[in-house]
Amino acid sequence: MKDLFENNNNDGGKKPKKKQGFTILSGDSTDGHGGYGVGTINLNNLTPIFVDPADEEVFVDMGALHARSSVEKRIKFTANREDAPNPKLYWLVWVMVDSSNEGPFYAGLGACELQVDVEARRGYKSMPEHVNNMDKALKKKVVVDRMDEKSKALLKKFLIEHNEEFWERASEDVKNAL
């Protein structure tokens, strides 16, 4: 009778290797080799930008790539808006930069709403919205239709001041949306 707990890997009793889950790599993993890293996402050209319309402030916070931005720290987020009694509105905008023969340009935008009540240490955000809009920005789509005009104007000003050449080469979708 076969022992169901017996290690039949013929590897000297070593445990089988764990399968690789979701991985983010910094290099190009789609160069055709078909090996390790194929199917992973390259986030090198994606930047999280926060727009604070109340204080008219716009800033980059790379911690947002892992939900560890200064806005998100020490806040318990739920999908229920009522959990944050006195919220402050922030927009997290995923900005994709691509390159062409002319040079780099703003190619995609994905805006996500955040409501944060610092005193209550509670906030609202929709994780599906964040994931989907990040994905859309990576695919060079523009999703800023829920943003108010003031926030769009702040973002546009920030992008132009950050690099005017990127803005000049930006897709018409990006320019028209802001």
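Predicted model: local features only at pLDDT ≥ 70, side-chain atom pairs only at ≥ 80, totals over all residues.

Me: Is R74 buried or exposed?
Reply: R74 has a relative accessible area of 63%, and the cut-off for exposed is over 50%, so R74 is exposed.

Me: And what about phi of R74?
Reply: Phi is positive there, about 60°, although R74 is not a glycine. E56 is another residue other than glycine with a positive phi, near 50°.

Me: OK, where does E56 lie, then?
Reply: E56 is in the loop between β3 and β4, with β4 spanning 57-60. With a relative accessible area of 53%, E56 is exposed.

Me: Let me switch to the overall picture. How many helices and strands are there?
Reply: The protein has four helices and nine strands. Going along the sequence, the pattern reads β-β-β-β-β-β-β-β-α-β-α-α-α.

Me: What share of the residues counts as buried?
Reply: Of the 178 residues, 38% count as buried. The protein exposes about 11400 Å², and carbon and sulfur atoms supply 49% of that area.

Me: Which strands does β6 pair with? I'm thinking of β3 and β7.
Reply: β6 (residues 88-100) pairs with β3 (residues 46-52) in the antiparallel sense, over six bridges. β6 also pairs with β7 (residues 103-117), again antiparallel, over 13 bridges.

Me: New topic: aromatics. How many aromatic pairs are there?
Reply: The count comes to two aromatic pairs. One of them is F50 with F59, a stacked pair with 5.4 Å centre to centre and 15° between the planes.

Me: Are F50 and F59 buried or exposed?
Reply: F50 counts as buried, at 0% relative accessibility. F59 also counts as buried, at 18%, because the cut-off for buried is under 20%.

Me: So why is the pair of Y106 and F166 called edge-to-face?
Reply: The ring centres of Y106 and F166 are 5.6 Å apart and their planes stand at 75°, so the pair is edge-to-face; the cut-off for that label is over 60 degrees.

Me: Which parts does that pair tie together?
Reply: Y106 lies in strand β7 and F166 in helix α3 (residues 164-169), so the pair ties together parts that are 60 residues apart in sequence. Both Y106 and F166 are buried.

Me: What lies over the face of F77?
Reply: K125 does, at 4.7 Å from the ring centre.

Me: Last one: what can you tell me about N176?
Reply: N176 is found in helix α4, residues 172-177. N176 counts as exposed, at 63% relative accessibility.

Me: How much of the contact count comes from residues 24 or more positions apart?
Reply: Residues 24 or more positions apart account for 59% of the contacts with a separation of 6 or more.

Note on methods:
Residues numbered from 1 in each chain as written. Heavy atoms only, no water. Helix = DSSP H or I, 4+ residues; strand = E, 2+ residues; numbered from the N terminus. Buried < 20%, exposed > 50% of the residue type's maximum accessible area, 1.4 Å probe, protein only. Pairing = 2+ DSSP bridges. Contact = heavy atoms within 4.5 Å. Areas by Shrake-Rupley, 256 points an atom, 1.4 Å probe, with all protein chains shown as cover. Phe/Tyr/Trp six-rings, centres within 6.5 Å; stacked < 30°, edge-to-face > 60°. Lys NZ or Arg CZ within 6 Å of the ring centre and 35° of its normal.
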